[in-house]
Amino acid sequence: MRNIPLSVPNLKSGNERKYVLEAIDAEWVSTGGQYINDFEKALANYLKTDKVVACQSGTAAIHVALMLAGVKMEDEVIVPTLTFIAAVNPVTYVKAHPVFMDVDETLCMDLNKLENFLTNQTEMCDGVCVNKKTGRSIKALVMVHVYGNMTDMAKLMEICNRHNIKVIEDATEALGSYITEGALKGKHAGTIGHFAALSFNGNKIITTGGGGAVVARKIEDLEKATYLTTQAKNDALYYLHDEVGYNYRMTNLQAALGLAQLEQLDEFISLKYNNFTYYKNKIDAIDGLEILPFSKTIKPNYWFYTLLVKENFSINRDELQKRLSEKGIQTRPVWGLIHKQKPYLQCETYEINKALEYYDQILNIPCSSNLTKDDIDYIVESIKEIAEL
Ligand SMILES: *Cc1c(COP(=O)(O)O)cnc(C)c1O
């Protein structure tokens, strides 16, 4: 029987071994070393931004971004409910409260509902957006670019700037996606909001094993990010600290792997694009199934493929998942909605309904960059067989 995983790293075709062994030979394996600088430079260059700060994980990057955005205890942060929980947990790390929003057909936060919420439920007091129901300040918003897709970022920035809300892009799934139309044409995911987080976890489009990066517009914010991720050390000799810092810096070993992966990012995107198109042509022809398209105003990185199992399909999503698994094909339902998870049951939500529909219908199907056409044929044939088509 075959064994086709959902999303695994592609580590064998580039300079991964060479660079990691060089880091070991040089005996620079920890939070200092040339690969960290090289990786940060190459990443900033790829994103057409001045500088990025490499760290231990995407989660750590979001935590740092919230601190840079000035989110403090008892503030509020607007977040989507349809996301991986790591986009929301850092709001709790800074002792603030998430407010959950719905998604639209892009799978990203619904901007019309966001606008309605801000217009009807908040008021500006001394330049701060205040939630009328709770009296708390809404300082920031986390925009997750779900599965590599992007919403209308120009519109989001306009809405948030009008309410003085800092935008943190969770671009952990969207490295390589960029805008192709309008005023932000050419801008990469992660370089539009005030701050952004990237991730290089094992399932992401490129990996450092585990790792992430903080992106920001202002150089002083990036310097602050470096400071916070390296234990907030003011003085390297006497070890003096003015703030509580974190052990969040990326290691040279991780960066060595990351640099080799980054060299192949465009190739991975093109492999993922080819597989996406191949899947889509075959699956959209099946009644009751659809591969969700990406937004037309962006060039996506095609990170994850979203199979929509509609009500008129012969079996439901969970049954399909189970039967595919019996055939050695790993698929996964979309994440459990965050506003329904135990730590967040008490939090405010705003008109969530589209996310509930997607929660029942979305199945993520194998999407690794090393997936072959033959694998896809097997997956599609298996789906047809299970559905008795
Ligand atoms: C992967 C991911 C993260 C967290 O990244 P890690 O590097 O695993 O900490 C955050 N948000 C979303 C949407 C993700 O998919």
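This is a predicted model: local features need pLDDT of at least 70, side-chain atom pairs count only at pLDDT 80 or more; totals for chains, interfaces and linings use all residues.

**Entry 1: an opening look at Y239**

I started with Y239, which is partly exposed at a relative accessible area of 48%. My scale for this is under 20% for buried, over 50% for exposed and partly exposed in between, with a 1.4 Å probe and protein chains only. I found Y239 in the loop between α7 (219-229) and α8 (252-262). For the element names, I took helices (H or I, at least four residues) and strands (E, at least two) as DSSP runs, numbered from the N terminus. The phi of Y239 is near 55°, a positive value in a residue other than glycine.

Residues are numbered from 1 along each chain as its sequence is written, and side-chain values use heavy atoms, with hydrogens and water left out.

**Entry 2: another positive phi**

I then turned to K95, where phi is near 65°, again a positive value in a non-glycine residue. K95 sits in the loop between α4 and β3 (97-101). With 51% relative accessibility, K95 counts as exposed.

The contact takes 46 residues from domain 1 and 38 residues from domain 2, where contact means heavy atoms within 4.5 Å.

**Entry 3: the core**

Which residues touch the most other members of the largest nonpolar core? I wrote down L43, I78, L82, L307 and L320, out of 134 residues in that core. Domain 1 and domain 2 both give residues to this core, so it lies between them. The term covers a set of buried Ala, Val, Leu, Ile, Met, Phe, Trp, Tyr and Cys residues joined through side-chain atoms within 4.5 Å. As background, nonpolar side chains tend to be buried together in soluble globular proteins.

Leaving out residues up to four places away in sequence, L307 touches a list including I283, L289, I291, L320 and I383.

**Entry 4: the ligand**

I counted 16 residues around the ligand, and the closest are G58, T59, E173, S199 and K204. To be near here, a residue needs one of its heavy atoms within 4 Å of the molecule.

Then I went through the polar atoms, taking a polar contact as a pair of N or O atoms within 3.5 Å; within protein, one must be able to donate a hydrogen and the other to accept it, and residues adjacent in sequence count only if both atoms are side-chain atoms.

- A ligand nitrogen lies 2.7 Å from an N or O atom in the side chain of D170.
- A ligand oxygen lies 2.7 Å from an N or O atom in the side chain of S199.
- A polar side-chain atom of K204 is 3.2 Å from an oxygen atom of the ligand.

Taken alone, the ligand exposes 380 Å², and the protein buries 94% of that. These areas come from the Shrake-Rupley method with a 1.4 Å probe; for residues, only the protein chains shown count as cover.

Is T83 buried or exposed? T83 is buried, with a relative accessible area of 2%, and lies in the loop between β2 (76-80) and α4 (89-93). Beyond its sequence neighbours up to four places away, T83 touches V88, V144, W335, G336 and I338.

A69, in the loop between α3 (58-68) and β2, is buried at 11%. Its C-alpha is 7.5 Å from that of K139, 70 residues apart along the chain.

S369 is in the loop between β16 (362-365) and α12 (373-386) and is buried at 7%. A polar contact of 2.9 Å joins the side chains of S369 and N10.

**Entry 5: Q330 to finish**

Q330 is in the loop between α10 (317-326) and β14 (332-333) and is partly exposed at 41%. A polar atom of the Q330 side chain lies 2.9 Å from the backbone nitrogen of L6. Setting aside neighbours within four places in sequence, I found Q330 in contact with I4, P5, L6 and P366.

Note on methods. Domain bounds come from an automatic or database domain assignment.
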